[in-house]
Amino acid sequence: GLPAPTQRSMETHYVYSMHVNSEGKVDRITKVWHSAWAAAQAGWTLPAPLPKAAESFFHACDSGKGWEACQHFCVQDAVFDAQAEPLQDIKSVRDYTEWMKSIAVVAMPGCSYELNSESFDPKTSTAVFVGTFRGTWHSAWAAAQAGWTLTRNG
């Protein structure tokens with residue numbers, strides 16, 4: 001059952017990943033939610049500690065440090081998967097970290113990211129990070145290298 005009410009407020013981030021079938025209807029949903037953080041805000045439990053390797057990888061990758069900095073936090077043949085068109089051909093974490101490096105160094109120098117939420121599920125050994133990336137394109141070549149086609153709006 002549910003824990004006793006604590007009269008404490010919470011704010012929590014979540015992401016839905018929905019698969020849409022050939023009829024245009026949702027047939028599968030995955031919710032990524034930092035439920036341990038929400039519970040802790042409500043005064044119920046403390047979240048599980050985040051593994052240092054996962055946290056270090058996130059910061060090294062999203063700051064554009066590339067495989068040289070990220071390789072210490074993952075296995076050499078770590079697999080990458082994304083639901084984003086520009087990343088559909090990238091299959092290894094190594095290649096993804098180099099893609100992020102090209103974005104941070106060439107396409108959007110001076111870019112930044114904000115870590116909005118993080119959590120760890122010790123039962124599944126899964127770390128989840130929710131972030132916001134900010135940057136300004138400085139190179140059409142870099143956009144093409146990233147697999148993006150640029151068009152003008154308006």
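Author: Phe58, Tyr113 and Phe129 form one aromatic cluster. Rings of Phe, Tyr and Trp (its six-membered ring) pair if their centres lie within 6.5 Å; planes under 30 degrees apart count as stacked, over 60 as edge-to-face and the rest as tilted. The model is predicted, so local features need pLDDT of at least 70 and side-chain atom pairs count only at pLDDT 80 or more, while totals for chains, interfaces and linings use all residues. Residues are numbered from 1 along each chain as its sequence is written, and side-chain values use heavy atoms, with hydrogens and water left out.

Reader: What pLDDT does the protein average?

Author: pLDDT is the predictor's confidence in each residue, from 0 to 100. The protein averages 82, and 82% of the residues score at least 70.

Reader: How many helices and strands does the secondary structure of the protein come to?

Author: Helices (H or I, at least four residues) and strands (E, at least two) are DSSP runs, numbered from the N terminus. Here there are 5 helices and 4 strands. Their order from the N terminus is β-β-α-α-α-α-β-β-α.

Reader: How do strands β3 and β4 pair, in the parallel or the antiparallel sense?

Author: Two strands pair if DSSP finds at least two bridges between them. Strand β3 (residues 112-121) and strand β4 (residues 126-134) are antiparallel, with 9 bridges. One of the residues to look for is Ser112, whose bridge partner in β4 is Arg134. The hairpin of β3 and β4 has 4 residues between the strands, and Ser125 takes a positive phi near 55° there.

Reader: Which residues touch the most other members of the largest nonpolar core?

Author: A nonpolar core is a set of buried Ala, Val, Leu, Ile, Met, Phe, Trp, Tyr and Cys residues joined through side-chain atoms within 4.5 Å. Buried means under 20% relative accessible area, exposed over 50%, partly exposed in between (1.4 Å probe, protein chains only). Tyr96 and Trp99 have the most such neighbours among the 18 residues of this core. Helices α2 (52-62), α3 and α4 (93-107) each supply at least two of its residues, and the largest share, 7 residues, comes from α4. In the protein as a whole, buried residues make up 26% of the 154 residues.

Reader: How many aromatic pairs does the count come to?

Author: A pair of aromatic rings is described by the distance of the centres and the angle of the planes. The count here is 4 aromatic pairs. Phe80 and Tyr96 form a stacked pair, 4.3 Å centre to centre with 10° between the planes. Phe80 lies in the loop between α3 and α4 and Tyr96 in helix α4, so the pair ties together parts that are 16 residues apart in sequence. Tyr96 and Trp99 are also stacked, at 6.1 Å centre to centre and 20° between the planes. Both lie in helix α4, 3 residues apart, about one turn of the helix.

Reader: Is Phe133 buried, partly exposed or exposed?

Author: Phe133, found in strand β4, counts as partly exposed at 34% relative accessibility. Contact means heavy atoms within 4.5 Å. Not counting residues up to four places away in sequence, Phe133 touches Asp62, Met100, Ile103, Met108, Cys111, Ser112 and Tyr113. Phe133 and Tyr113 are 20 residues apart in sequence and 4.3 Å apart in space, C-alpha to C-alpha.
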